[in-house]
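Subject: Structure handover

Hi,

Here is the structure I promised to pass on. Please open it alongside this note; what I found follows below.

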Number of protein chains: 2
Amino acid sequence: MNEEAVDIPCELQEETGFAYTLSRVSGKYKMIILYSLTGATPVVRFNELKRRLGKISFRTLSLTLKELESDGLIIRKEYPQIPPKVEYSLSQRGQSLIPVLDMMCEWGNIHSNDPLN
Amino acid sequence: MNEEAVDIPCELQEETGFAYTLSRVSGKYKMIILYSLTGATPVVRFNELKRRLGKISFRTLSLTLKELESDGLIIRKEYPQIPPKVEYSLSQRGQSLIPVLDMMCEWGNIHSNDPLN
DNA sequence: CGGAATCCTCTAAGATACTG
DNA sequence: CAGTATCTTAGAGGATTCCG
(Lines give C-alpha, C1' and ligand atoms only; values in the text may rest on other atoms or scores of the structure.)
Protein backbone atom coordinates (compact mmCIF):
# COMPACT_ATOMS: atom_id res chain seq x y z
CA MET A 1 0.00 0.00 0.00
CA ASN A 2 1.41 3.35 -0.99
CA GLU A 3 1.12 6.39 1.21
CA GLU A 4 2.65 8.66 -1.37
CA ALA A 5 1.00 10.21 -4.37
CA VAL A 6 1.68 8.67 -7.75
CA ASP A 7 4.55 10.48 -9.38
CA ILE A 8 3.08 12.72 -12.02
CA PRO A 9 4.95 15.31 -14.04
CA CYS A 10 4.52 18.97 -13.17
CA GLU A 11 2.12 19.88 -15.92
CA LEU A 12 -0.49 17.43 -14.71
CA GLN A 13 0.29 17.48 -11.02
CA GLU A 14 0.34 21.19 -10.46
CA GLU A 15 -2.74 22.03 -12.43
CA THR A 16 -5.07 19.36 -11.15
CA GLY A 17 -6.13 17.44 -8.10
CA PHE A 18 -6.40 14.31 -10.19
CA ALA A 19 -3.21 12.76 -8.86
CA TYR A 20 -4.27 13.54 -5.33
CA THR A 21 -7.58 11.77 -5.77
CA LEU A 22 -5.89 8.81 -7.39
CA SER A 23 -3.48 8.51 -4.49
CA ARG A 24 -6.38 8.19 -2.08
CA VAL A 25 -8.60 5.76 -3.95
CA SER A 26 -6.24 3.55 -5.91
CA GLY A 27 -5.57 0.09 -4.62
CA LYS A 28 -7.29 -3.15 -5.35
CA TYR A 29 -10.10 -2.74 -2.83
CA LYS A 30 -10.26 0.91 -1.75
CA MET A 31 -13.06 2.04 -4.02
CA ILE A 32 -15.12 -1.08 -3.59
CA ILE A 33 -14.84 -0.73 0.18
CA LEU A 34 -15.95 2.87 0.02
CA TYR A 35 -18.74 1.88 -2.30
CA SER A 36 -19.92 -0.90 -0.02
CA LEU A 37 -20.27 1.66 2.77
CA THR A 38 -22.73 3.49 0.56
CA GLY A 39 -26.34 2.54 0.39
CA ALA A 40 -28.80 0.88 2.70
CA THR A 41 -26.41 -0.34 5.40
CA PRO A 42 -23.76 2.35 5.77
CA VAL A 43 -22.43 1.18 9.14
CA VAL A 44 -20.72 -2.17 8.90
CA ARG A 45 -18.67 -4.39 11.19
CA PHE A 46 -15.32 -5.85 10.21
CA ASN A 47 -16.40 -9.38 9.42
CA GLU A 48 -19.56 -8.30 7.68
CA LEU A 49 -17.44 -6.04 5.49
CA LYS A 50 -15.13 -8.93 4.75
CA ARG A 51 -18.10 -11.07 3.82
CA ARG A 52 -19.37 -8.41 1.44
CA LEU A 53 -16.03 -8.08 -0.26
CA GLY A 54 -15.59 -11.76 -0.93
CA LYS A 55 -12.03 -12.94 -1.32
CA ILE A 56 -10.16 -10.16 0.45
CA SER A 57 -7.84 -11.38 3.20
CA PHE A 58 -7.96 -10.27 6.83
CA ARG A 59 -4.62 -8.63 6.45
CA THR A 60 -5.46 -6.65 3.35
CA LEU A 61 -8.83 -5.54 4.66
CA SER A 62 -7.24 -4.45 7.91
CA LEU A 63 -4.44 -2.52 6.20
CA THR A 64 -6.77 -0.91 3.70
CA LEU A 65 -9.20 0.19 6.39
CA LYS A 66 -6.34 1.77 8.29
CA GLU A 67 -5.27 3.72 5.26
CA LEU A 68 -8.78 4.87 4.54
CA GLU A 69 -9.14 5.94 8.15
CA SER A 70 -5.86 7.82 8.24
CA ASP A 71 -6.88 9.53 5.01
CA GLY A 72 -10.04 10.63 6.77
CA LEU A 73 -12.35 8.81 4.41
CA ILE A 74 -13.89 6.40 6.89
CA ILE A 75 -14.62 6.38 10.61
CA ARG A 76 -13.69 3.51 12.88
CA LYS A 77 -15.79 3.19 16.00
CA GLU A 78 -14.67 0.66 18.55
CA TYR A 79 -16.93 -0.63 21.31
CA PRO A 80 -14.86 -1.67 24.34
CA GLN A 81 -16.60 -4.93 25.06
CA ILE A 82 -16.04 -8.65 24.84
CA PRO A 83 -16.33 -9.94 22.25
CA PRO A 84 -15.04 -6.82 20.49
CA LYS A 85 -17.21 -4.86 18.12
CA VAL A 86 -15.94 -2.36 15.58
CA GLU A 87 -18.06 -0.44 13.15
CA TYR A 88 -16.90 1.27 9.99
CA SER A 89 -18.68 4.02 8.14
CA LEU A 90 -17.99 6.84 5.73
CA SER A 91 -16.79 10.14 7.15
CA GLN A 92 -18.10 13.39 5.71
CA ARG A 93 -15.04 13.52 3.53
CA GLY A 94 -15.76 9.98 2.44
CA GLN A 95 -19.36 10.80 1.75
CA SER A 96 -18.25 13.58 -0.56
CA LEU A 97 -16.94 10.83 -2.83
CA ILE A 98 -20.32 9.17 -3.20
CA PRO A 99 -21.27 11.09 -6.35
CA VAL A 100 -18.09 9.88 -8.01
CA LEU A 101 -18.71 6.30 -6.94
CA ASP A 102 -22.32 6.45 -8.09
CA MET A 103 -21.26 7.81 -11.43
CA MET A 104 -18.76 5.01 -11.90
CA CYS A 105 -21.40 2.46 -11.03
CA GLU A 106 -23.82 3.96 -13.48
CA TRP A 107 -21.20 4.08 -16.21
CA GLY A 108 -20.64 0.37 -15.71
CA ASN A 109 -24.33 -0.40 -15.80
CA ILE A 110 -24.68 1.43 -19.07
CA HIS A 111 -21.55 0.21 -20.81
CA SER A 112 -21.23 -3.36 -19.63
CA ASN A 113 -23.80 -4.23 -22.27
CA ASP A 114 -22.17 -2.33 -25.11
CA PRO A 115 -21.43 -4.38 -28.23
CA LEU A 116 -17.77 -3.57 -27.60
CA ASN A 117 -16.74 -5.04 -24.29
CA MET B 1 -2.34 -6.18 -16.50
CA ASN B 2 -5.51 -8.02 -15.84
CA GLU B 3 -8.09 -8.64 -18.53
CA GLU B 4 -10.61 -10.15 -16.12
CA ALA B 5 -12.92 -8.30 -13.82
CA VAL B 6 -12.00 -8.11 -10.16
CA ASP B 7 -13.68 -10.93 -8.34
CA ILE B 8 -16.57 -9.45 -6.44
CA PRO B 9 -19.21 -11.42 -4.54
CA CYS B 10 -22.64 -11.80 -6.06
CA GLU B 11 -24.44 -9.20 -4.04
CA LEU B 12 -22.20 -6.44 -5.32
CA GLN B 13 -21.41 -7.81 -8.73
CA GLU B 14 -24.90 -8.61 -9.88
CA GLU B 15 -26.55 -5.46 -8.70
CA THR B 16 -24.07 -2.93 -9.95
CA GLY B 17 -21.78 -2.04 -12.77
CA PHE B 18 -19.20 -0.88 -10.28
CA ALA B 19 -16.96 -3.92 -10.68
CA TYR B 20 -17.18 -3.59 -14.44
CA THR B 21 -16.03 0.02 -14.36
CA LEU B 22 -13.23 -0.81 -11.98
CA SER B 23 -12.02 -3.57 -14.27
CA ARG B 24 -11.68 -1.09 -17.12
CA VAL B 25 -10.00 1.81 -15.33
CA SER B 26 -7.88 0.24 -12.62
CA GLY B 27 -4.17 -0.02 -13.15
CA LYS B 28 -1.44 2.39 -12.24
CA TYR B 29 -1.76 4.60 -15.30
CA LYS B 30 -5.11 3.93 -17.00
CA MET B 31 -7.08 6.79 -15.53
CA ILE B 32 -4.27 9.29 -15.83
CA ILE B 33 -3.83 8.33 -19.47
CA LEU B 34 -7.53 8.80 -20.13
CA TYR B 35 -7.42 12.06 -18.26
CA SER B 36 -4.46 13.33 -20.24
CA LEU B 37 -6.44 12.74 -23.44
CA THR B 38 -9.01 15.15 -22.08
CA GLY B 39 -8.68 18.87 -22.45
CA ALA B 40 -6.98 21.16 -24.89
CA THR B 41 -4.90 18.62 -26.83
CA PRO B 42 -7.06 15.52 -27.10
CA VAL B 43 -5.08 13.89 -29.91
CA VAL B 44 -1.63 12.87 -28.80
CA ARG B 45 1.27 10.93 -30.26
CA PHE B 46 2.99 8.09 -28.42
CA ASN B 47 6.11 9.89 -27.30
CA GLU B 48 4.27 13.04 -26.41
CA LEU B 49 1.96 10.96 -24.24
CA LYS B 50 4.97 9.35 -22.62
CA ARG B 51 6.43 12.77 -21.94
CA ARG B 52 3.21 13.91 -20.34
CA LEU B 53 3.05 10.90 -18.07
CA GLY B 54 6.54 11.24 -16.72
CA LYS B 55 8.13 8.09 -15.47
CA ILE B 56 6.07 5.45 -17.28
CA SER B 57 8.13 2.98 -19.29
CA PHE B 58 7.74 2.28 -23.00
CA ARG B 59 6.57 -1.19 -22.24
CA THR B 60 3.92 -0.20 -19.72
CA LEU B 61 2.61 2.64 -21.84
CA SER B 62 2.42 0.35 -24.85
CA LEU B 63 0.62 -2.42 -22.97
CA THR B 64 -1.77 -0.04 -21.27
CA LEU B 65 -2.67 1.68 -24.52
CA LYS B 66 -3.40 -1.71 -26.09
CA GLU B 67 -5.74 -2.59 -23.25
CA LEU B 68 -7.52 0.73 -23.41
CA GLU B 69 -7.90 0.31 -27.15
CA SER B 70 -9.24 -3.25 -26.91
CA ASP B 71 -11.67 -2.03 -24.27
CA GLY B 72 -12.86 0.54 -26.75
CA LEU B 73 -11.89 3.50 -24.63
CA ILE B 74 -9.30 5.02 -26.94
CA ILE B 75 -8.67 5.11 -30.66
CA ARG B 76 -5.32 4.38 -32.23
CA LYS B 77 -4.70 5.98 -35.58
CA GLU B 78 -1.60 4.92 -37.44
CA TYR B 79 -0.13 6.90 -40.33
CA PRO B 80 1.80 4.59 -42.67
CA GLN B 81 4.82 6.76 -43.16
CA ILE B 82 8.46 6.92 -42.21
CA PRO B 83 9.17 7.85 -39.53
CA PRO B 84 5.97 6.33 -38.12
CA LYS B 85 3.28 8.46 -36.60
CA VAL B 86 0.55 7.20 -34.32
CA GLU B 87 -2.10 9.30 -32.70
CA TYR B 88 -4.18 8.37 -29.69
CA SER B 89 -7.48 9.91 -28.69
CA LEU B 90 -10.57 9.12 -26.69
CA SER B 91 -13.32 7.13 -28.37
CA GLN B 92 -16.95 8.03 -27.77
CA ARG B 93 -17.04 5.39 -25.09
CA GLY B 94 -13.91 6.90 -23.57
CA GLN B 95 -15.39 10.38 -23.76
CA SER B 96 -18.35 9.18 -21.76
CA LEU B 97 -15.93 8.76 -18.87
CA ILE B 98 -14.90 12.41 -18.91
CA PRO B 99 -17.53 13.50 -16.36
CA VAL B 100 -16.21 10.90 -13.93
CA LEU B 101 -12.62 11.99 -14.51
CA ASP B 102 -13.52 15.65 -14.12
CA MET B 103 -15.34 14.93 -10.90
CA MET B 104 -12.36 13.09 -9.51
CA CYS B 105 -10.10 15.96 -10.45
CA GLU B 106 -12.40 18.45 -8.80
CA TRP B 107 -12.65 16.33 -5.66
CA GLY B 108 -8.88 16.37 -5.43
CA ASN B 109 -8.70 20.11 -5.95
CA ILE B 110 -11.15 20.67 -3.14
CA HIS B 111 -9.85 18.13 -0.66
CA SER B 112 -6.10 18.28 -1.14
CA ASN B 113 -6.16 21.36 1.05
CA ASP B 114 -8.31 19.92 3.80
CA PRO B 115 -6.83 20.09 7.29
CA LEU B 116 -6.95 16.30 7.26
CA ASN B 117 -4.68 15.02 4.55
C1' DC C 1 -14.67 -10.75 17.30
C1' DG C 2 -11.34 -8.11 15.32
C1' DG C 3 -7.45 -7.97 14.56
C1' DA C 4 -1.57 -8.39 14.62
C1' DA C 5 2.55 -10.97 13.19
C1' DT C 6 4.98 -13.73 10.08
C1' DC C 7 6.12 -15.60 5.97
C1' DC C 8 5.32 -16.26 1.16
C1' DT C 9 3.57 -15.65 -3.72
C1' DC C 10 2.76 -13.51 -7.88
C1' DT C 11 2.28 -10.11 -11.18
C1' DA C 12 2.25 -5.40 -12.61
C1' DA C 13 5.63 -2.43 -13.67
C1' DG C 14 10.63 -1.01 -14.60
C1' DA C 15 15.27 -1.20 -17.18
C1' DT C 16 17.61 -2.05 -21.07
C1' DA C 17 18.51 -3.24 -25.66
C1' DC C 18 16.98 -3.79 -30.15
C1' DT C 19 14.00 -3.02 -34.72
C1' DG C 20 10.75 -1.95 -38.89
C1' DC D 1 9.07 7.40 -34.27
C1' DA D 2 6.80 3.91 -32.16
C1' DG D 3 7.14 0.49 -30.63
C1' DT D 4 8.80 -5.07 -29.29
C1' DA D 5 11.71 -8.60 -26.61
C1' DT D 6 13.92 -10.12 -22.40
C1' DC D 7 14.93 -10.09 -18.09
C1' DT D 8 14.44 -8.35 -13.46
C1' DT D 9 12.22 -6.54 -9.33
C1' DA D 10 9.28 -4.28 -5.87
C1' DG D 11 5.55 -4.50 -3.17
C1' DA D 12 0.66 -5.37 -2.99
C1' DG D 13 -1.83 -8.91 -1.58
C1' DG D 14 -2.60 -13.94 0.24
C1' DA D 15 -2.32 -17.84 3.78
C1' DT D 16 -1.68 -19.13 8.20
C1' DT D 17 -1.14 -18.73 13.03
C1' DC D 18 -1.66 -16.45 17.30
C1' DC D 19 -3.77 -13.02 20.74
C1' DG D 20 -6.62 -9.72 24.03
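How many residue pairs are in polar contact across the interface of chain A and chain B? The rule finds 14, with both residues of each pair at pLDDT 80 or more. Keep in mind that this is a predicted model.

**The interface**

The elements of chain A that give two or more residues to the side touching chain B are α1 (10–15), α2 (18–25), α3 (30–36), α4 (46–53) and α7 (98–111). The largest share comes from α7(A), with 10 residues. By type, the residues on that side of chain A divide into 21 nonpolar, 13 polar and 10 charged.

In total, chain A puts 44 residues into the contact, and chain B puts in 44 residues. The area buried between the two chains is about 4,200 Å². Carbon and sulfur atoms give 71% of that area. Three residues of chain A lose the most area to chain B: A:F18, A:M104 and A:W107. Together they account for 18% of what that side buries.

**Salt bridges and A:R93**

The rule finds two salt bridges across the interface of chain A and chain B. A:R93 forms a salt bridge with B:D114. The closest N and O atoms of this pair are 2.6 Å apart. The side chains of A:R93 and B:D114 are also joined by a polar contact, at 2.6 Å.

Where is A:R93 found in chain A? Look in helix α6, residues 92–95. Is A:R93 buried or exposed? A:R93 counts as buried, because its relative accessibility is 8% and the cut-off for buried is under 20%.

**Cis peptide bonds**

Most peptide bonds are trans. Two places to check here are cis. In chain A, a cis peptide bond joins A:I82 and A:P83, with omega at about 0°. A:P83 is in the loop between β2 (74–79) and β3 (85–90) of chain A.

Chain B has a cis peptide bond between B:I82 and B:P83, again with omega at about 0°. The loop between β2 (74–79) and β3 (85–90) of chain B holds B:P83.

**Where to look**

Then go to the salt bridge between A:R93 and B:D114.

Best wishes

Note on methods. Residues are numbered from 1 along each chain as its sequence is written. Chains are lettered from A and ligands numbered from 1 in the order in which they are written. This is a predicted model: local features need pLDDT of at least 70, side-chain atom pairs count only at pLDDT 80 or more; totals for chains, interfaces and linings use all residues. Side-chain values use heavy atoms; hydrogens and water are left out. Contact means heavy atoms within 4.5 Å. Buried area is the accessible area (1.4 Å probe) that two parts lose on being put together, summed over both. A salt bridge is a side-chain nitrogen of Lys or Arg within 4 Å of a carboxyl oxygen of Asp or Glu. A polar contact is a pair of N or O atoms within 3.5 Å; within protein, one must be able to donate a hydrogen and the other to accept it, and residues adjacent in sequence count only if both atoms are side-chain atoms. Helices (H or I, at least four residues) and strands (E, at least two) are DSSP runs, numbered from the N terminus. Ala, Val, Leu, Ile, Met, Phe, Trp, Tyr, Cys and Pro count as nonpolar, Asp, Glu, Lys and Arg as charged, and the others, Gly among them, as polar. Buried means under 20% relative accessible area, exposed over 50%, partly exposed in between (1.4 Å probe, protein chains only).
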